[in-house]
Amino acid sequence: NDQKPMIEQTREIVRSFNSTYGDVLVEPEGMYPEGIAGRLPGLDGKAKMSKSLGNCIYLSDEEDEVKKKVMSMFTDPNHLRVQDPGKVEGNPVFIYLDAFSKPEHFAEYLPEYQNLQELKDHYTRGGLGDVKVKKFLNNVLQEELGPIRERRKMWEQRIPDVYDILKEGTKAAKAKAEQTLHDVKAAMKINYFEDDSIMK
C-alpha cells in the first residue's frame with residue numbers, strides 16, 4: 001500500500017505517453033492482499049511500521065520475538081482495568097486482527113467467541129483484558145508467519161540457488177526492458193541507428 005502513489009504516478013505517465021505516441025506502454029496494476037485495507041500501524045500505535053522507529057514485526061523474527069513484540073503492543077491507553085470499556089478504533093491490536101484473523105482462528109484459539117465482532121463487542125463494553133486479546137493475536141500471527149519463517153530457513157540453506165534465480169530474473173527483466181526501450185524510441189522516432197529513413 002505504501003507504493004500506491006508511485007503506481008498511480010506511473011499510470012499517469014503511461015497514459016500521457018500513450019495519448020501522445022500511441023499505445024506503446026501498459027498501465028501497471030497494483031497487487032494488494034485481500035482483506036488488508038491500508039497499511040498496518042507500528043506496534044507503538046504510530047502511523048506505520050518503521051525500521052528506524054523499531055516498531056516492526058519482521059518476517060525473519062523468531063516465534064519468541066514475535067510473541068514479545070505482540071505482548072508489548074500499544075492498545076487503548078484508557079483501558080486500564082479489565083472491566084473498563086475499551087476502544088477498538090485505532091487500536092493496533094484490533095487493526096492487526098482485522099487484517100489477519102479468520103473465523104477458524106476463533107474455533108482453534110478462542111472458542112468462547114464466534115468471530116471478531118463478538119470479541120470487539122466484549123472489549124468495547126468492558127470485561128475483556130488486553131493480555132487475552134494479545135495472546136489471541138500472537139496465535140494468529142504465528143500461524144501466518146510460521147510457513148514464511150520455514151520457507152526463509154529453507155532458502156537460507158540454498159544460497160547458490162537463490163543467486164541463480166536472481167540471475168535468471170535479471171536476465172529476463174533486462175531483455176524486457178530493452179524491448180520496451182526499443183518500442184518507446186520507435187514510437188518517438190528517435191531510434192536513429194535502427195531506422196535508416198530517419199537519417200535521409
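**Close-up views of a predicted model**

**View B. Helices α3 and α5 side by side.** Two packed helices are described by the angle between their axes and the distance between the axes. Here the pair is α3 (residues 92-100) and α5 (residues 116-125), with axes that come within 11 Å and cross at roughly 170°. An angle over 145 degrees counts as roughly antiparallel, so α3 is roughly antiparallel to α5. Which residues make the contact? From α3 come Phe94, Leu97 and Asp98, and from α5 come Leu116, Leu119, Lys120 and Tyr123. Sorted by class, the contact of α3 with α5 has five nonpolar and two charged residues, with no polar ones.

View C. Gln142 sits in helix α6, which spans residues 130-156. Is Gln142 buried or exposed? Its relative accessibility is 11%, so Gln142 counts as buried, the cut-off for buried being under 20%. Setting aside neighbours within four places in sequence, you will find Gln142 in contact with Glu63, Val66, Lys67 and Arg149.

Technical notes. Residues numbered from 1 in each chain as written. Predicted model: local features only at pLDDT ≥ 70, side-chain atom pairs only at ≥ 80, totals over all residues. Heavy atoms only, no water. Axes fitted to C-alpha atoms, helices over the stretch in contact; angles between N-to-C directions. Helix = DSSP H or I, 4+ residues; strand = E, 2+ residues; numbered from the N terminus. Parallel < 35°, antiparallel > 145°, perpendicular 65-115°, else oblique. Contact = heavy atoms within 4.5 Å. Nonpolar A, V, L, I, M, F, W, Y, C, P; charged D, E, K, R; others polar. Buried < 20%, exposed > 50% of the residue type's maximum accessible area, 1.4 Å probe, protein only.
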